[in-house]
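Reader: I would like to learn how to read a sheet and a core from coordinates. Please take me through one case.

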Amino acid sequence: MELEKNRLIDSYKRRLDYLRISITDRCNLNCLYCNPLSTETKLLHKEILRYEEILRIARIGVHLGITKIRVTGGEPLARKGCCDFLQQLGEIDGLKDISLTTNGVLLNEHIDGIHAAGVKRLNISLDSLNRDKYHQITGHDVFDRVWANIQLALARGFSPIKLNMVVQSGINDDEIRELARLSLNHPLHVRFIEQMPIGKPPAKTAPPVLVPAIRACVESLGELIPVTKAATDGPADRYRLRGGKGEIGFISPVSNHFCSRCNRLRLTSDGRLLTCLLSDISEDIKTPLRRGLLDNDLAAVFLRAVGRKPFSHPEALMPSQQPEQMVSIGG
Ligand code: SAM
């Protein structure tokens, strides 16, 4: 490939080295804040990028400067062949890090394959520790299974394992302390995420619970000691509860967005490069790829997307501005 390297620098001098790939828009859960079943139409099989197409795009991205890839969905483990795909992704020269975001339901079935593919870092969505509440939020009575799978992942040595809790007003905000407490006894990174106005929430939605309130709740368990951020860190502000084995992270896309240090690009399952989670600006890379264009032409699509990356998303997103649902973008 005769592509120039390290070209993914946007108009605001941000180096984009992190690609999130959604490999499917389908999910085996139906979380309230993500709500995949409410999507009017699912993508047709032929609309979804094939694995070899994703791998080609990923290789071009890595050549241009991507060093980290996160595989997400929908539920990535619900797509057949996910582990073989991870394995092939791991063989891309120059790619330094692969991670996976999953709801954990199918983790036990795939844990060996994920491990063998060289994935070390797992993000697992866990919005409640209460079986009934978990059922209410996700639409499925699978808390026990997910919890057992988290234990399994710990035992297999995945590290870090980040547990993502989207804090939902009046639904699970009474469990913030319980979730945070997990980081005391387990080497788990518990991350509290402000709920973003994405998708189609019910007409009356309570205002999101913001990080200052979440943090105050966690601090009632003890002092939060800041953890120094590494250069490769994502948007979470990291802390440790005194004596804790794990960490606490706060992610504030609503109250204090992190656009100025955004280093991300996203590849949707239907083959678009998205430059901002909360904007609908995208570049179609599937059509030129399927028309047989050369790697250089596909690299030009990357560069076009990067050139269109907005500095930030709107301060306040009105319901009418809500972009597509998270299930098709991958978070
Ligand atoms: N199925 C996988 C899972 O459940 O982790 C991956 C896809 S899910 C869309 C990826 C992440 O997006 C999850 O960690 C979830 O917490 C986050 N997410 C989805 N909708 C969100 C919203 N409205 N606000 C904040 N985070 C959201």
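This is a predicted model: local features need pLDDT of at least 70, side-chain atom pairs count only at pLDDT 80 or more; totals for chains, interfaces and linings use all residues.

Reader: What holds the strands of a sheet together, and in which senses can they run?

Author: Strands of a sheet pair through backbone hydrogen bonds, either parallel or antiparallel. Here an open sheet of 12 strands has mixed pairing, in the order S7-S8-S9-S6-S5-S4-S3-S2-S1-S10-S11-S12.

Reader: Which are the edge strands?

Author: Strand S7 (224-226) and strand S12 (282-284), each of which pairs on one side only. Averaged over the sheet and ignoring direction, neighbouring strands are turned by 25° against each other.

Reader: In which sense do S10 and S11 pair?

Author: Strand S10 (residues 264-267) and strand S11 (residues 272-274) are antiparallel, with 2 bridges. Arg 266 stands opposite Leu 274 in S11.

Reader: Which strands does helix H9 touch?

Author: Helix H9 (residues 295-307) packs on the sheet against S10, S11 and S12. The direction of H9 makes about 165° with that of S12.

Reader: How many residues does the largest nonpolar core have?

Author: A nonpolar core is a set of buried residues joined through side-chain atoms within 4.5 Å. The largest one has 86 residues, and Ile 69, Leu 89, Ile 114, Phe 192 and Ile 248 have the most contacts inside it. Helix H1 (residues 51-64) gives the largest share, 8 residues. Another core, of 5 residues, lies apart from it, with Met 196, Ile 198, Leu 277 and Leu 278 among them.

Reader: What does Ile 114 touch?

Author: Leaving aside residues up to four places away in sequence, Ile 114 touches Leu 77, Cys 83, Leu 86, Leu 100, Leu 107, Val 119, Leu 122 and Phe 158.

Conventions
Residues are numbered from 1 along each chain as its sequence is written. Side-chain values use heavy atoms; hydrogens and water are left out. Buried means under 20% relative accessible area, exposed over 50%, partly exposed in between (1.4 Å probe, protein chains only). Helices (H or I, at least four residues) and strands (E, at least two) are DSSP runs, numbered from the N terminus. Contact means heavy atoms within 4.5 Å. Two strands pair if DSSP finds at least two bridges between them. Axes are lines fitted to C-alpha atoms, for helices over the stretch in contact, and angles run from 0 to 180 degrees between N-to-C directions.
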